[in-house]
Protein chains: 2
Amino acid sequence: MNNKVVLSEDAKRHFESYINLINVTLDDYLSVRGLPYQIVADACKYSVENGGKRLRPIIVLEFCKLCKGNIADAISFACALEMIHTYSLIHDDLPCMDNDIFRRGQESCHKKFGEDYALLAGDALLTYAFQIASNAGVPPAKTVRCIRALANYAGIFGMIGGQTLDIQNEGRKDLTLEELAETHRLKTGALFRAAAEIGCITGNATCQQYDAARIFAENIGIAFQIIDDVLDVIGNPEELGKEVGQDIENDKVTYVTLLGVEGAKKLAEKHTEKAIKALKTFENAELAIEGTKYLLGRTF
Amino acid sequence: MNNKVVLSEDAKRHFESYINLINVTLDDYLSVRGLPYQIVADACKYSVENGGKRLRPIIVLEFCKLCKGNIADAISFACALEMIHTYSLIHDDLPCMDNDIFRRGQESCHKKFGEDYALLAGDALLTYAFQIASNAGVPPAKTVRCIRALANYAGIFGMIGGQTLDIQNEGRKDLTLEELAETHRLKTGALFRAAAEIGCITGNATCQQYDAARIFAENIGIAFQIIDDVLDVIGNPEELGKEVGQDIENDKVTYVTLLGVEGAKKLAEKHTEKAIKALKTFENAELAIEGTKYLLGRTF
């Protein structure tokens with residue numbers, strides 16, 4: 001990464017322990033063997049284990065911890081959220097959507113398994129997310145609230161709404177900053193909000209903590225997207241693990257085309273500061289703040 | 001319908017009142033207006049309101065009632081299940097799957113709205129099903145059990161497993177009766193089982209009632225599929241609202257190719273009898289029995 005922010009050893013250990021827990025649990029859920037219809041299970045596993053950063057489940061666990069909850073209560077929902085994120089990538093890559101044959105440097109799901117099985121793998125992951133969530137082993141009232149958050153933010157009033165706007169925006173040269181922000185608020189931001197909210201639910205957050213988590217998620221969501229746009233212009237493809245210059249090639253309106261590289265960076269910084277300010281309302285938020293700076297410092 | 005079984009006025013009223021409640025509730029859930037991404041909401045509504053028989057939600061309500069539950073506790077889950085059924089049809093019709101441009105005599109979702117929006121509409125309905133279920137207004141422990149049933153039966157260990165087998169079976173001339181039955185047990189049967197189980201959960205069924213409901217659902221699922229195969233050979237396209245002869249054209253192994261029309265009818269009758277026997281363990285099952293005979297008497 002072209003990253004000037006270096007994580008402390010403490011922070012590294014902290015986030016690596018989360019990532020290990022998330023990966024081990026995901027692998028456990030996805031290591032189904034000997035099914036007569038094994039190929040779709042294999043396609044699910046392939047896509048989930050295809051090198052994701054696990055950002056959303058990390059946010060779930062971190063907010064649970066910041067609220068002094070037990071992350072064992074949150075891990076199933078964290079994995080469910082990562083499955084929902086992965087299903088959305090599988091379906092987004094399909095020929096009728098973005099038609100991407102690569103994802104994180106590897107063949108996309110439909111390129112490797114065929115379109116029909118990739119479609120079903122996406123459907124399976126979305127459904128499996130709710131199956132896992134319904135078996136999370138926490139009190140039913142909490143489970144229902146987490147499932148509601150997953151469905152609200154992933155559905156038509158959240159991520160799917162954003163994906164629809166994204167399609168509608170194609171080829172529009174007159175897209176405003178407000179319209180761009182609304183698209184990303186839904187397409188990317190909604191799952192960040194789900195992550196923060198589920199962390200709060202499982203951690204028994206106070207009202208004030210819910211508010212702070214929401215503000216964090218909204219701002220980190222925007223900053224994250226802006227940085228993605230910036231990296232598409234100034235990033236190094238080898239470090240990023242994906243091609244750059246795609247937005248310009250596709251003649252896409254982005255934060256960079258609207259604000260320029262420096263303007264976009266400034267806006268990302270503003271939102272990063274707001275996210276960090278929200279974290280400061282929690283005790284012991286040092287590692288979370290460090291992680292946020294690291295994540296959002298990718299270009300600076 | 002080419003149906004020798006005629007429903008009594010009582011049974012007609014009974015099932016029509018269910019269908020009305022289901023349709024009004026579905027319409028209520030789906031009548032979202034003024035979204036900036038309205039097209040996907042419209043695609044969802046179009047497909048759900050495209051003339052389905054509402055079999056699965058009727059089974060939910062009927063088993064709730066047979067267990068002396070309150071159907072107000074079951075209606076949200078019944079609608080959620082119908083949404084899951086509809087999403088599966090939208091995705092099944094896509095070019096990368098069955099490539100059907102008609103569904104129930106009308107344009108299929110992707111033909112009318114485009115492939116990208118149809119894909120998202122399917123995803124949205126599946127997600128919305130869990131959103132609705134999580135807001136059903138019944139005690140959380142019950143809600144969690146219903147969501148678990150929805151996800152289990154709709155997912156890779158249920159319907160999606162069956163859809164995968166169906167793809168794998170394509171072009172196989174050596175398909176056995178057992179393999180065909182297993183495919184349908186999952187592809188069609190799983191949602192019938194979900195329906196019966198959710199009816200039982202919302203109706204506070206006894207263990208004996210759960211067993212009877214499961215036996216009913218398993219048998220009605222098989223009988224339903226066999227009759228579909230038979231109607232594809234001897235049915236009247238106008239009465240059915242769809243083309244016939246598709247299975248022969250696609251060189252498909254069906255209950256009819258394996259057993260002949262008469263053999264298939266006999267097997268369907270055997271399963272219908274088992275389903276009705278299971279219903280008889282409930283008090284006041286007369287209308288349910290009549291409905292079952294009507295449904296499964298479509299060819300006889």
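In which hand of crossing, left-handed or right-handed, does H4(A) pass H7(A)? The tour returns to this below.

This is a predicted model, in which local features need pLDDT of at least 70 and side-chain atom pairs count only at pLDDT 80 or more, while totals for chains, interfaces and linings use all residues. Residues are numbered from 1 along each chain as its sequence is written, and chains are lettered from A and ligands numbered from 1 in the order in which they are written.

**Stop 1: the two chains.** Display chains A and B together.

**Stop 2: the interface.** Select the contact between the chains, to which chain A gives 41 residues and chain B gives 41 residues (contact: C-beta atoms, placed from the backbone, within 7 Å). On the side of chain A, the elements that supply two or more residues are helices H2 (38-48), H6 (115-134), H7 (140-154) and H8 (159-169) (helices are DSSP runs of H or I with at least four residues, numbered from the N terminus). H6(A) provides the largest share, twelve residues. Colouring this side by class shows 25 nonpolar, twelve polar and four charged residues (nonpolar: Ala, Val, Leu, Ile, Met, Phe, Trp, Tyr, Cys and Pro; charged: Asp, Glu, Lys and Arg; polar: the others, Gly among them). The copies meet through the same surface, because 100% of the interface residues of chain A are also interface residues in chain B.

**Stop 3: H2(A) and H6(A).** Next, select these two helices. Their axes come within 9 Å and cross at roughly 70° (lines fitted to C-alpha atoms over the stretch in contact, with angles from 0 to 180 degrees between N-to-C directions). H2(A) is therefore roughly perpendicular to H6(A) (65 to 115 degrees; under 35 counts as roughly parallel). Residues of H2(A) including Ile39(A) and Ser47(A) meet residues of H6(A) including Tyr117(A) and Leu125(A). The contact comprises ten nonpolar residues, one polar and no charged.

**Stop 4: H4(A) and H7(A).** Finally, select H4(A), residues 75-93, with H7(A); the axes come within 11 Å and cross at roughly 15°. H4(A) is thus roughly parallel to H7(A). The crossing is right-handed (the near helix is turned clockwise from the far one by less than a right angle). Phe77(A), Ala80(A), Leu81(A) and Ile84(A) of H4(A) make the contact with Cys146(A), Leu150(A) and Ala154(A) of H7(A).

Methods: Contact = placed C-beta atoms within 7 Å. Parallel < 35°, antiparallel > 145°, perpendicular 65-115°, else oblique.
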